[in-house]
Amino acid sequence: WIAHQMVLNPASKSSPIRTVFNSSQVYKGHSLNTSWELGPDMTGDLCGILLRFREDIVGAQGDVAKMYYNVRVEPEEEFMQLFMWRFKGEEKVRVFAMTRLVMGNKPSANSSQIALRETAYLNNNHEKFPVAARALTRESYVDNTFSTAPDHETIEKNIESIEKVAMAGGFRYKPWVVSGSDVPDQVLVNGEAEDERALGIFWDVKRDLFYVKVNITGKRRTVKVNLTQVLKEPHLKLTLRDCLSLHAKAFDPLGLVLPTKMVGMLLFRESIQVLKAQSEEKSSSKLPWDKEIVGDLKDKWLEYFSMLNSLEDVHFPRSIKPELADPETAPVIVTFSDGNENSYGCVSYALWTLLGGEREARLIMAKAKLAPLLAKGEVVKNELSGATFAVRLKSWILQNTSLEYQSYVPFLDSRIVQD
C-alpha cells in the first residue's frame, strides 16, 4: 500500500489540487521507489527545446491533459499501487489500485515520455504527419509540446496534426496557447492574472515576449526587497540559506538575465568566505548555512534582491527571428566572450539580414561560470576559458538548432587567444 496526500498547485489550470503518492516512504528498509529502475532519461533537453521554440515568428504551446493518467500499467504492476480509502460517513476501509501511472513513482516521467513518443509511430504517422511526429518526439518536455511556424495559418495546421496523432495514443491536449493571441483560462494567483510560462520562463503571450519574474518569498516570511523596505526594516534577519533560496528563484535556463544573476553568484562566494572566516570552526568543511549575514555584506544582498525584483520589467522577444528577416539569407552566429579575475562567460546572438538590407541581432543565450578559487585573479586564463566557452556554446547551438547558419563570428578582446 502507498500513502498519498493532496498537493495544492494554484498555478495549474486543470489540476489546482493533485494527488501525490509517497512511493519513497521506507518500511523495513525498503520503499517502492527503491524497487523501480529509473531507466534512461527521456524527458529531453530543456534548453534545446526552448532554443527551437524561439526559431520562428509564431510559437504555440500545448499541455497534455492528465498526462500520467493516460498511460496504463501492467496488471501485475497495479498490485504495487494499492491504497486504502474510507468514504465520508462509512466505517468500512476499502482497498483500491491505481491502474495508471501515478505522480510519485520514480519512473513515471520516463514512462509517460516513452508512451508519447511511441504514439508518433502508430499507424506510420511519422510518415504521414512528420511535423506532428517531430513535435511529439523532439519538442515535448513532460506534458508540454511546442511548435513554431512562420504564420498563424501554418501553426493552426501544425496543432491540428499534433492533436490528431496524439489522439491515436489516447493523449488529449488542453486549449493551445499561441503567440499574439489571448490566453484561454488565465490563472489567477493572489488575485492577479498570471502570465503563461514556457518551461519555467514567463511568457507574455499577447506581445510574444519572454521575461524572468522573481517572487521574493521565503518559507517563513515574505521579503519585499526595495529601498522602502530596507529603511523600514533595517534589522531584517537574512542567513546564507535565505539568500541562496531567493537567488535560486530567478529561473533563467537561457541566461537572458545572466549579468544580474552573476552578481548573486559572486555574492554567494563572498558570503561563504566571510562567514567561514568569522566562524570559530575555520577548518570545518560544512557551509555556514544558518549564519546571519550582517553589515555591508547584507546591504549588498538587499541591493541584489531589489535588482531581482525589477527583472520583470526587462523583456526579450520570444522569437530570435525578426518578422522582416530576408528568407533568402541565412543568419550568422555571433559570440562575445571575456573573463576577469572572478569569472568568465560568453553570449551568443543571431545576426539577421532584413528585407531592406539592414541588420538586426537577437539574443540567443548566455552562459558564465565563476573562476576556480585556486585560479582566482588569473585574468589571462579566464579569458582563454571564456573563448573556449564561446566555441562550445556555438557548437551546442548548431547541434540543437533547426536553423541553417551561414557562418560564425567570435568577438573577444584578448590577443593571446589569437596567438
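Colleague: Is T239 buried or exposed?
Modeller: T239 is buried, with a relative accessible area of 8%. Buried means under 20% relative accessible area, exposed means over 50%, and partly exposed lies in between (1.4 Å probe, protein chains only). Please note that this is a predicted model, in which local features need pLDDT of at least 70 and side-chain atom pairs count only at pLDDT 80 or more, while totals for chains, interfaces and linings use all residues. Residues are numbered from 1 along each chain as its sequence is written, and side-chain values use heavy atoms, with hydrogens and water left out.

Colleague: Where does T239 lie?
Modeller: T239 lies in the loop between α8 (227-232) and α9. Helices (H or I, at least four residues) and strands (E, at least two) are DSSP runs, numbered from the N terminus.

Colleague: And which residues is T239 in contact with?
Modeller: Leaving aside neighbours within four places in sequence, T239 is in contact with W289, D290, K291, E292 and I293. Contact means heavy atoms within 4.5 Å.

Colleague: I see I293 there. What does W301 touch?
Modeller: Not counting residues up to four places away in sequence, W301 touches C243, G264, L267, F268, S271 and I293.

Colleague: How many residues has the largest nonpolar core?
Modeller: The largest nonpolar core has 59 residues, and those with the most contacts inside it are W301, F305, I364 and Y405. A nonpolar core is a set of buried Ala, Val, Leu, Ile, Met, Phe, Trp, Tyr and Cys residues joined through side-chain atoms within 4.5 Å. Among the elements that give two or more residues to this core are α2 (46-53), α9 (240-248), α11 (295-309) and β17 (359-370). Apart from it lies another core, of 25 residues, among them A135, I162, W176 and V178.

Colleague: You named α2. How many of its residues are buried?
Modeller: Eight of the eight residues of α2 are buried, and the helix is mostly covered. One of them is C47, which counts as buried at 17% relative accessibility. At the start of α2, a side-chain oxygen of D45 reaches to within 3.1 Å of the backbone nitrogen of C47.

Colleague: What about C346, and how many disulfides are there?
Modeller: C346 is buried, with a relative accessible area of 5%. A search of the whole structure finds zero disulfides, a disulfide being a pair of cysteine sulfur atoms within 2.5 Å.

Colleague: Let us turn to A135. Which residues of α6 are buried?
Modeller: In helix α6 (residues 130-138), A132, A133, A135 and L136 are buried. They cover an arc of only 160° around the axis, which puts them on the same side of α6. The arc is that of the directions from the helix axis to the C-beta atoms.

Colleague: What do they pack against?
Modeller: The buried residues of α6 pack against α4 (108-119), α5 (125-128), β6, β7 and α7 (152-167).

Colleague: How are β6 and β7 paired?
Modeller: β6 and β7 (residues 144-149) pair in the antiparallel sense over two bridges. Two strands pair if DSSP finds at least two bridges between them. The bridge partner of S140 in β7 is T145. Both strands belong to an open sheet of four strands in the order β6-β7-β3-β8, with antiparallel pairing. Its edge strands are β6 (140-141) and β8 (177-178), each of which pairs on one side only.

Colleague: Is T145 buried or exposed, then?
Modeller: T145 is buried, with a relative accessible area of 0%. The residues that T145 touches, not counting those up to four places away in sequence, include A135, L136, I162, Y173 and W176. The side chain of T145 also makes a polar contact with the side chain of Y173 (2.8 Å). A polar contact is a pair of N or O atoms within 3.5 Å; within protein, one must be able to donate a hydrogen and the other to accept it, and residues adjacent in sequence count only if both atoms are side-chain atoms.

Colleague: To finish, how many residues of β1 are buried?
Modeller: Of the five residues of strand β1 (residues 4-8), the number buried is zero, so β1 lies largely in the open. Five bridges join β1 to strand β2 (residues 17-21), and the two run antiparallel.
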